[in-house]
Amino acid sequence: QLLHLEVQSDNDDEMLWRELEYCGLIAQIHHQVPLQIVLYVGAAPARFITNIDNADLKYRYHLVDIKTLDCTTLLESESLSDNLLALLGKLQDKAEAVRRVMYKIAQLPQKKRADMSEKLAILMGLRPTELPKLIQKEATVPITVDLEENPLFVEIFERYTQRGEQRGEERGIQIGEQRAKITMLRRLLEKRFGELPNWVNVRLEQATAPE
């Protein structure tokens, strides 16, 4: 099985051809056609084309929108990464879920806490009308107030509290999408080539979303 996360492609066809390329590469390596599942984590309705059906080529992948999934199991997982992902799906009490996740982040060692805080900031960009308000509310609690010192959080908090929700939402989406693209691309490169040299990391951090 091949499972990966997708925010949204700028072109409806782009995702389809990318998945077909993945299918060919995996089939070549493992000598079998994979079952491909794309977990969509964006805020807007998914608009991907998921199949090709003509006389010369028939292909499809499966698309699952995380907003339609009950993510209680992910929230109950011992993995904090699972807990973070759960915030994008259906939960009975989203405010309580945010509280639990931020409490767990606050208990981490500094380096790990910074890494998870960055991931949480990405999620804020993916749910700009929901998560920033909940996270900002929880950030006033003493055990988690240090998260506001993270530059990614500070910028988003300021935009929501001082410059208006609409501008904050637009900027939050841009930040979240760009950080998500950088993170996903870095992981793909590391899986294919191993540890990346410093110049690659610099290029990734300085790249714009289209690049």
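Serine 117 is buried in this predicted model, with a relative accessible area of 2%, where buried denotes a value under 20%, exposed a value over 50%, and partly exposed anything in between, as calculated with a 1.4 Å probe and protein chains only. The residue belongs to helix α5, which covers residues 110-126; helices are DSSP runs of type H or I with at least four residues, strands are runs of type E with at least two, and both are numbered from the N terminus. A polar atom of the serine 117 side chain lies 2.7 Å from the backbone oxygen of arginine 113. This distance can be read against the definition of a polar contact, namely a pair of N or O atoms within 3.5 Å, of which, within protein, one must be able to donate a hydrogen and the other to accept it, while residues adjacent in sequence count only if both atoms are side-chain atoms.

The model is predicted, and for this reason local features need a pLDDT of at least 70 and side-chain atom pairs count only at pLDDT 80 or more, whereas totals for chains, interfaces and linings use all residues. Residues are numbered from 1 along each chain as its sequence is written, and side-chain values use heavy atoms, with hydrogens and water left out.

The secondary structure of the chain comprises nine helices and five strands, which follow one another along the sequence in the pattern β-α-β-β-β-β-α-α-α-α-α-α-α-α. Strand β2 (residues 36-40) is largely enclosed by the rest of the structure, because four of its five residues are buried. This strand pairs with strand β5 (residues 62-65) in the parallel sense over four bridges, pairing being assigned if DSSP finds at least two bridges between two strands. Within this arrangement, leucine 39 has valine 64 in β5 as its bridge partner.

Salt bridges, defined by a side-chain nitrogen of Lys or Arg within 4 Å of a carboxyl oxygen of Asp or Glu, number seven by this rule. One of them joins the side chains of arginine 100 and glutamate 76, with an N to O distance of 3.5 Å. Since arginine 100 lies in helix α4 (residues 94-106) and glutamate 76 in helix α2 (residues 72-76), the pair ties together parts that are 24 residues apart in sequence. Arginine 100 counts as partly exposed, at 32% relative accessibility.

In helix α5, aspartate 115 and lysine 119 are four residues apart, and so about one helical turn separates them, while their side chains meet in a salt bridge of 2.7 Å, N to O. Aspartate 115 is partly exposed, with a relative accessible area of 31%.

The structure holds zero disulfides, a disulfide being a pair of cysteine sulfur atoms within 2.5 Å. Cysteine 23 is buried, with a relative accessible area of 10%, and cysteine 71 is likewise buried, at 2%.

Of the 211 residues of the chain, 38% count as buried.
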